[in-house]
Amino acid sequence: MKNLHDMLLPIANEIRAGKKSIEVSELWGASKAFFLFGLQQESQRPLIVVTSSDDEAETLVSDLEFFGRTVFAKKGQPLPELRRFPTWGLLPFEADSPDSRT
């Protein structure tokens, strides 16, 4: 079985090579957050993650905070800043403006 570093290395190398978009699939539940934290630590670059719903974003942020506190902080690694942007709350064809926080 591969360790996390071995799984992340090819993707981190693509990031370092300047690839603008990388798709990763077959991650479920909290494994997404674990993978993302490891990838950020390996690449040492900021990551942007787009989720399909506000609930999914909240769950992901909660999982990221958990792994940050329990796994990566214990190793003495600095924790990256987490920011969650609010949803637009509007459909693309509606005439109203989105919430000013967005």
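**Pocket linings in the predicted model**

The lining of the largest pocket comprises 14 nonpolar, five polar and seven charged residues, where Ala, Val, Leu, Ile, Met, Phe, Trp, Tyr, Cys and Pro count as nonpolar, Asp, Glu, Lys and Arg as charged, and the others, Gly among them, as polar. The model is predicted, with local features requiring pLDDT of at least 70 and side-chain atom pairs pLDDT 80 or more, whereas totals for chains, interfaces and linings use all residues. Residues are numbered from 1 along each chain as its sequence is written, and side-chain values use heavy atoms, with hydrogens and water left out.

The volume of the largest pocket is about 790 Å³. Of its 26 lining residues, Ile 22, Leu 36, Leu 47, Ile 48 and Val 49 are the closest to its centre. A pocket is an open set of points on a 1 Å grid over the protein atoms alone, where a 1.4 Å probe fits, with protein on both sides within 12 Å along at least five of seven lines; lining residues have an atom within 4 Å of a point. Grid points are joined across faces, edges and corners, and a volume is the space filled by probe spheres set on the points.

At least two lining residues of the largest pocket come from each of α1 (4-16), α2 (31-43) and α3 (54-72), with helices taken as DSSP runs (H or I, at least four residues) numbered from the N terminus. The largest share, four residues, is supplied by α2.

The second largest pocket holds about 690 Å³ of space. Among the 23 residues lining this pocket, Leu 47, Ile 48, Val 49, Arg 83 and Arg 84 are the closest to its centre. Here α3 contributes the most, with five residues.
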